[in-house]
Amino acid sequence: MPFQVLVNIGNHFDLASSIFVAPRKGIYSFSFHVVKVYNRQTIQVSLMQNGYPVISAFAGDQDVTREAASNGVLLLMEREDKVHLKLERGNLMGGWKYSTFSGFLVFPL
């Protein structure tokens, strides 16, 4: 297992596919924090909604052993819309164990 789910009330985050599926229409908050470790490459991580990038974060300093990148967004989602993170560029040495992804319903519509 590449990562651990700490809270998944309603089981709308599928651990096998790493995809969150909206249970209802509403405004959702998503944030992520990624850390590249011992990696001289630039990384880019995007939050994808229904297969399209919405926001991204970059980490590209070549002279450090650890570098973090974060971003967050409020999204209007329809029932069964899907959200996941995608590593667009580079690779995460050390894997996803230093990174977090959070999402929750702010306001149902």
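Mentor: What follows begins with the basis of the values, then turns to the sheet, its surface and the salt bridges.

The model is predicted, so local features are taken only where pLDDT is at least 70 and side-chain atom pairs only at pLDDT 80 or more, while totals for chains, interfaces and linings use all residues. Residues are numbered from 1 along each chain as its sequence is written, and side-chain values use heavy atoms, with hydrogens and water left out.

The protein chain has 0 helices and 8 strands, where helices (H or I, at least four residues) and strands (E, at least two) are DSSP runs numbered from the N terminus. An open sheet of 3 strands is arranged in the order S6-S3-S8, with antiparallel pairing; two strands count as paired if DSSP finds at least two bridges between them. Strand S6 (66-77) and strand S8 (100-108) stand at the edges with a single partner strand each, so one side of each has no neighbour in the sheet. From one strand to the next the twist averages 10 degrees, the axes being lines fitted to C-alpha atoms and the angles running from 0 to 180 degrees between N-to-C directions. Strand S3 (residues 26-37) pairs with S8 in the antiparallel sense over 8 bridges, and Gly26 has Pro108 in S8 as its bridge partner. As a general point, strands of a sheet pair through backbone hydrogen bonds, either parallel or antiparallel.

A nonpolar patch of about 620 Å² is made by Leu74, Leu76, Phe104, Val106, Phe107 and Leu109. Patches are made of residues with over 30% relative accessible area and no salt bridge, like charges being joined within 9 Å and nonpolar side chains (Val, Leu, Ile, Met, Phe, Trp, Tyr) within 5 Å; accessible areas come from the Shrake-Rupley method with a 1.4 Å probe, and for residues only the protein chains shown count as cover. S6 and S8 each supply at least two residues of this patch, and S8 gives the most, with 3 residues. Leu76 lies in strand S6 and is partly exposed, with a relative accessible area of 48%, given that buried means under 20%, exposed over 50% and partly exposed in between (1.4 Å probe, protein chains only).

Next come the salt bridges, of which the structure holds 3, each defined by a side-chain nitrogen of Lys or Arg within 4 Å of a carboxyl oxygen of Asp or Glu. The side chains of Glu78 and Lys25 form one of them, at 3.8 Å from N to O. This pair links distant parts of the chain, with Glu78 in the loop between S6 and strand S7 (82-89) and Lys25 in the loop between S2 and S3, 53 residues apart. Glu78 is partly exposed at 38% relative accessibility, and Lys25 is partly exposed at 35%. Another salt bridge joins the side chains of Arg79 and Glu80 at 2.8 Å, N to O; here Arg79 is exposed, with a relative accessible area of 55%, whereas Glu80 is partly exposed at 46%.
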